[in-house]
Amino acid sequence: MAILITLIVSILIIFRMALYIRSIQRLMKKKDEEFRIKEEGLLKHAAEQAQKITVLKSLVDGQDKILAMYREQKK
């Protein structure tokens, strides 16, 4: 009888541990998804900043060309 009770308790403990492991896996999956979303947002932000830098660089290059032309005309 004691063996049967021990067996039942052991099965319940194993079942409970399986539930804990499953809930931890769900939590990890959720955290991975949140991290992926944040990472995509950061990559999008970095791409936008790179585009702004490219536009600003082209504006500065244009100003340099205009300034060089002005200096050439002035001479």
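A residue is called buried when its relative accessible area is under 20%, exposed when it is over 50%, and partly exposed in between, with a 1.4 Å probe and protein chains only. By that scale His 45 is partly exposed, with a relative accessible area of 44%. The model is predicted, and for that reason local features need pLDDT of at least 70 and side-chain atom pairs count only at pLDDT 80 or more, whereas totals for chains, interfaces and linings use all residues. Residues are numbered from 1 along each chain as its sequence is written, and side-chain values use heavy atoms, with hydrogens and water left out.

**Overall form**

The protein contains one helix and zero strands, where helices (H or I, at least four residues) and strands (E, at least two) are DSSP runs numbered from the N terminus. The radius of gyration is 32 Å, well over the 11 Å that the globule rule gives for 75 residues, so the protein is more spread out than a compact globule; this radius is taken over C-alpha atoms, and the rule is 2.2 Å times the number of residues to the power 0.38. Along the principal axes, the C-alpha trace spans about 110 × 10 × 5 Å. Helix α1 covers residues 2-74, and His 45 has its place in this helix. Between His 45 and Lys 65, which are 20 residues apart in sequence, the C-alpha to C-alpha distance is 30 Å.

**Surface**

Of the 75 residues, 0% count as buried. The protein exposes about 7600 Å², of which carbon and sulfur atoms supply 69%; accessible areas come from the Shrake-Rupley method with a 1.4 Å probe, and for residues only the protein chains shown count as cover. A nonpolar patch on the surface, with about 1100 Å² of accessible area together, is formed by Met 1, Leu 4, Ile 5, Leu 7, Ile 8, Val 9, Ile 11, Leu 12, Ile 13, Met 17 and Tyr 20. Patches are made of residues with over 30% relative accessible area and no salt bridge, like charges being joined within 9 Å and nonpolar side chains (Val, Leu, Ile, Met, Phe, Trp, Tyr) within 5 Å. Ile 11, one of the patch residues, lies in helix α1.

**Charges and salt bridges**

There are 15 positive and 9 negative side chains, and the centres of the two sets lie 5 Å apart. Lys and Arg count as positive and Asp and Glu as negative, while His and the chain ends are not counted; the place of a charge is taken as NZ of Lys, CZ of Arg, CG of Asp or CD of Glu. The structure holds four salt bridges, each being a side-chain nitrogen of Lys or Arg within 4 Å of a carboxyl oxygen of Asp or Glu. The table lists some of them.

| Salt bridge | Closest N and O atoms |
|---|---|
| Lys 31 with Glu 34 | 3.7 Å |
| Glu 33 with Arg 36 | 2.4 Å |
| Lys 57 with Asp 61 | 3.3 Å |

Lys 31 and Glu 34 are three residues apart in helix α1, so about one helical turn separates them. Lys 31 is partly exposed at 47% relative accessible area, and Glu 34 is partly exposed at 31%. Glu 33 and Arg 36 also lie three residues apart in helix α1, about one turn of the helix; Glu 33 is partly exposed with a relative accessible area of 36%, and Arg 36 is partly exposed with 36%. Glu 33, Arg 36 and Glu 40 are linked in a network of salt bridges. Lys 57 and Asp 61 are four residues apart in helix α1, which again means a separation of about one helical turn. Here Lys 57 counts as exposed, at 52% relative accessibility, whereas Asp 61 is partly exposed, with a relative accessible area of 32%.
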